[in-house]
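Keep the structure open as you read.

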Amino acid sequence: MMARKSRYNRANILKKADKLTSSDREVEHGDASKNFEMVADLWSTYLGVDIFPHEVPMMMVLYKVARTTENPHNVDNYVDTCGYGALAGEQVPNINKTREK
């Protein structure tokens with residue numbers, strides 16, 4: 001039971017999210033900011049409404065929240081929620097730049 005509890009420990013969840021978002025993922029996935037811009041453009045076109053890059057990771061947080069309703073025991077959903085929240089926070093300095101486009 002102790003191993004299971006440690007899996008859900010907030011410090012462990014945050015450490016795992018930090019490791020995932022701070023590692024060299026750019027090599028595999030590209031620059032996060034550029035990806036969010038591309039996704040925002042695609043979603044904007046598809047939905048017919050303006051979506052901005054900082055909103056993309058927040059929408060992914062909501063996606064992870066929805067997933068927890070099906071399986072609240074999957075710790076990866078909580079890890080990913082923290083990671084996407086941190087990535088959204090990094091987009092804040094770009095908010096006015098993207099709205100001016």
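The chain has seven helices and zero strands, where helices (H or I, at least four residues) and strands (E, at least two) are DSSP runs, numbered from the N terminus. Read along the sequence, the pattern is therefore α-α-α-α-α-α-α. Do bear in mind that this is a predicted model: local features need pLDDT of at least 70, side-chain atom pairs count only at pLDDT 80 or more, and totals for chains, interfaces and linings use all residues. Residues are numbered from 1 along each chain as its sequence is written, and side-chain values use heavy atoms, with hydrogens and water left out.

The C-alpha trace spans about 50 × 30 × 25 Å along its principal axes. Of the 101 residues in the chain, 22% are buried; buried means under 20% relative accessible area, exposed over 50%, and partly exposed in between (1.4 Å probe, protein chains only).

Now turn to α2 and α6. Their axes come within 8 Å and cross at roughly 55°; axes here are lines fitted to C-alpha atoms, for helices over the stretch in contact, and angles run from 0 to 180 degrees between N-to-C directions. The two helices are therefore oblique to each other, the class left over once angles under 35 degrees count as roughly parallel, over 145 as roughly antiparallel and 65 to 115 as roughly perpendicular.

Which residues form a salt bridge with the closest N and O atoms 3.2 Å apart? They are lysine 16 and aspartate 76, and a salt bridge means a side-chain nitrogen of Lys or Arg within 4 Å of a carboxyl oxygen of Asp or Glu. Because lysine 16 lies in helix α2 (residues 10-22) and aspartate 76 in helix α6 (residues 75-90), the pair ties together parts that are 60 residues apart in sequence. Both partners are partly exposed, lysine 16 at 39% relative accessible area and aspartate 76 at 35%.

The structure holds two salt bridges, and lysine 64 and aspartate 80 also meet in one, at 2.8 Å from N to O. Lysine 64 lies in helix α5 (residues 55-70) and aspartate 80 in helix α6, so this pair ties together parts that are 16 residues apart in sequence. Here lysine 64 counts as buried, at 8% relative accessibility, whereas aspartate 80 is partly exposed at 24%.

Finally, look for valine 49 in the loop between α4 (32-47) and α5. Valine 49 is partly exposed, at 43% relative accessibility.
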